[in-house]
Amino acid sequence: MKKFATGLGLIAACAAGAIATCGAAQEAPRTGEVRLNEIQVIGTHNSYAQGVDPQLLAMVDALLGPKLAAFAKAMPEKMKADWQEYHPNFTSMSEGLNYRYTTLTDQLDAGMRSLEIDINNDPQGGRYARPAGLAALRAKGVKDSQMLPYDTTDMEKPGLKVFHVADLDVRSSCNLFTRCLKQLRAWSDAHPDHAPIFILVEAKSDALPIFPNATPPLAFDRAAFDEMDQSIFREIGRDKLVTPDDVRGHHPTLEAGVLAHNWPMLAKSRGKFVFLLLTAMDPKALAAYHAGRENLEGRAAFLRATPGQSYAAFLLLDNADVRAREIPERVKQGYLVRARADIETYEAKVDDPGRANRAFASGAQIVSTDFYKPGNAYGTNYVVRLPGGGEARCNPVNAPKACRLQR
């Protein structure tokens, strides 16, 4: 296979998406020193979530189940293939949400080095304080004492709120984004030499208009993303972050820095956080974060991207079965990849570790699970742990052969 020279020719070839060519072109003499993107960690998905009241889930299944089945059946084949990549097993809402966590601190203590926090735009405060789903339960005669407790702390305050789906999946271990960030910083300060922690932040705007007086979510605009960044800089601290500017360095674009393997060394990344932003893939939603900052100049987070975009550094390739060839090649090129060990609880239900094993083998630097410790609602033995244990391991795809991580 022909190897391209480094420089503009390499950048252009990789931007064009020539996966195999880019993977070969990046080969270079290696030492035992490990970079940030040459490790692999395990993390949790929707890490703040404390579970939905079963009575509410039963109501939603009855309302949505037939509609979802009809929707799936009527999908055009191309749309169905795209849908099934991220939703490979048709499940009910109650099964898809059949997981829960305690605190972020507990998960970090257990060795999770990636967490996911969903944020919802609420600049005035109080927008999501009275979930319509709970009101619908009350209208059916269910008393608050008969429901799972709902903590309203901080919900009336202005600021980004942390929950999964408005009116439905709203029980969170930290309702306010800044409160979550304070917990992360406190844990990090108490464990100053920890492996880098990857925080996925998803900007939510999902509507579920099936309840009376449903709450229409606010879209994320530039002001909301600026608030997110300012909160991260203030609560975590710039000195505790690896940012897009750090990886771009002197390169003309962020992607050029990625393809040149300009991620910082692991030794210099210990005690730090890497924020990774998920938002809808439509151009308007993405532009609200990168417009005017095409390399994410001054931004706190890396933005979910597609190779070839100037800010491409982080790829969301959740399905390691569908992307079995692509993930290792993208990892070799220098991109940071997240994959999932289980999707919508199906693997826990059938006690199948196959997806998790393939995700780890793919080299995705972040592998997320809903089941990092024994015990699940299905009563199976399914649990996902980082191969070899510890808080991080040498990446099986791109780490130098002499890689050794202290645990």
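Residues are described here as buried when their relative accessible area is under 20%, as exposed when it is over 50%, and as partly exposed in between, with a 1.4 Å probe and protein chains only. The structure is a predicted model, in which local features need pLDDT of at least 70 and side-chain atom pairs count only at pLDDT 80 or more, while totals for chains, interfaces and linings use all residues. Residues are numbered from 1 along each chain as its sequence is written, and side-chain values use heavy atoms, with hydrogens and water left out.

Two disulfides, each defined as a pair of cysteine sulfur atoms within 2.5 Å, are present in the structure. In one of them, Cys 403 is linked to Cys 394 with an S to S distance of 2.0 Å, and this disulfide is left-handed because the torsion about its S-S bond is about -90 degrees. Cys 403 counts as buried because its relative accessibility is 5%, whereas Cys 394, at 22% relative accessibility, counts as partly exposed. The other disulfide joins Cys 174 to Cys 180, with the sulfur atoms 2.0 Å apart; this link is right-handed, with 105 degrees about the S-S bond, and both Cys 174 and Cys 180 are buried.

Grid points are joined across faces, edges and corners, and a volume is the space filled by probe spheres set on the points. The largest pocket has a volume of about 1600 Å³, and among its 47 lining residues Trp 83, His 87, Lys 204, Asp 206 and Glu 344 are the closest to its centre. With Ala, Val, Leu, Ile, Met, Phe, Trp, Tyr, Cys and Pro counted as nonpolar, Asp, Glu, Lys and Arg as charged, and the others, Gly among them, as polar, the lining comprises 22 nonpolar, eleven polar and 14 charged residues. At least two lining residues each come from α3 (54-74), α4 (77-86), α5 (93-96), β4 (197-204), α13 (283-290) and β8 (336-340), and α4 gives the most, with five residues. Glu 344 lies in the loop between β8 and α15 (346-350) and has a positive phi of about 55 degrees although it is not a glycine; at 18% relative accessibility, Glu 344 counts as buried.

Two cavities of 30 Å³ or more were found in a search of the whole structure. The largest cavity has a volume of about 60 Å³, and its lining, which includes Leu 134, Met 147, Tyr 150 and Val 170, divides into eight nonpolar, one polar and two charged residues. Leu 134 is also one of the buried residues of helix α7 (residues 132-139), and α3 is included in what covers the buried residues of this helix. The second largest cavity holds about 30 Å³ of space, and Val 170 is one of its lining residues, as are Tyr 128 and Phe 163.

In soluble globular proteins, nonpolar side chains tend to be buried together. When neighbours within four places in sequence are left aside, Leu 184 is in contact (heavy atoms within 4.5 Å) with Leu 104, Leu 108, Leu 115, Ile 117, Ile 199, Ile 236 and Phe 273. Leu 303, in strand β6 (residues 301-303), is buried with a relative accessible area of 0%. Residues touched by Leu 303, not counting those up to four places away in sequence, include Leu 277, Leu 286, Tyr 289 and Phe 314.

Methods
On a 1 Å grid over the protein atoms alone, a cavity is a set of points where a 1.4 Å probe fits but cannot get out, and a pocket is an open set with protein on both sides within 12 Å along at least five of seven lines; lining residues have an atom within 4 Å of a point. Helices (H or I, at least four residues) and strands (E, at least two) are DSSP runs, numbered from the N terminus.
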